[in-house]
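Please look over the structure below.

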Amino acid sequence: MYHVIHPGTATEGVPPENFFIVQDEMNNQVGTGRVIYQFTPHADPDVPINMYFDMKCALPGRYVLLGALLARARQLRDANPQARARVYTIVHPEDTESQQFYTSSGLSLQHRESVVTLHVPEAEGRVPMGCQIVSIPVNTPEEKLAFLSRLAANDIRNIDFVLLQQFMRTSHFQLLGILRENQLACELMMVGNGDSVELMSIYTHAQYRRQGLARTLLQRSMTILSMEGVKYFQARIMTRSHPQMGLVRAFGAEETEAISVFPEMEL
């Protein structure tokens, strides 16, 4: 018989009420799990509440632990009942045992993170009236920090100052933006070496979305880089992101590698 308890203090940076310890009938610890609440309205406007969980537990205790994690996720979700929410975790595409466990527990395996190859459209894209494509300067520490701040404000937090410095030392570093009425509406960063680049970040401010600005900016970026000898364009995409899948369709993207699978459940 397995049961779960909370630690007395925060563990691994997680509040005690969001961290779970699984014990057997002899009160021996056999596993742990945690729930991390994320509110990401910019990255995922359709489902802004995304609660990540993970588990480290032998199979006999997993069902008890998963039940406790999902129950806690529902409690966290109820603090903002007007917003759509989901709970999810991450497994490797070849980890069929974990995938089977989650599907048997009612979670969906519909979505994943993938690497895709983008193709430059044949027709030249038109810049919308009132818009201007510009190069974004990141020459000074203040400019770099301002750029990173804009990324963070749009829920892109995987790039820090050190990583940005590394990107800037590549042979193809490109940072472009679209100004609309002198306001920065959309921004992207391409990074790479030789004949290959990767789309590292792209976002559109909320008030300018659904106007095709990201598509226009990405096409202009790819056209410029093609003239510099780049032949291969890659991007990491989340299949559950409607904006990202829109870019996939617009640029005839082909999946080259599945990185992660996301067992998930909408709450």
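Helices (H or I, at least four residues) and strands (E, at least two) are DSSP runs, numbered from the N terminus. This is a predicted model: local features need pLDDT of at least 70, side-chain atom pairs count only at pLDDT 80 or more, and totals for chains, interfaces and linings use all residues. Residues are numbered from 1 along each chain as its sequence is written, and side-chain values use heavy atoms, with hydrogens and water left out.

- Asparagine 27 sits in the loop between β2 (19-23) and β3 (29-39). Its phi is near 65 degrees, a positive value in a residue other than glycine.
- Asparagine 27 is partly exposed at 49% relative accessibility (buried is under 20% relative accessible area, exposed over 50%, partly exposed in between; 1.4 Å probe, protein chains only).
- Aspartate 155 lies in the loop between α3 (141-153) and α4 (161-168). Aspartate 155 also has a positive phi, near 65 degrees.
- Aspartate 155 is buried, at 14% relative accessibility.

**Strand β5**
- Strand β5 (residues 85-88) is covered on both faces: Ala85 and Val87 are buried on one side, Arg86 and Tyr88 on the other.
- β5 pairs with β4 (residues 49-57) in the parallel sense over 4 bridges (pairing takes at least two DSSP bridges between two strands). Methionine 51 stands opposite valine 87.
- β5 pairs with β12 (residues 254-266) in the antiparallel sense over 3 bridges. Here valine 87 stands opposite methionine 265.

**Threonine 216**
- Threonine 216 belongs to helix α5 (residues 213-227). Threonine 216 is buried, with a relative accessible area of 12%.
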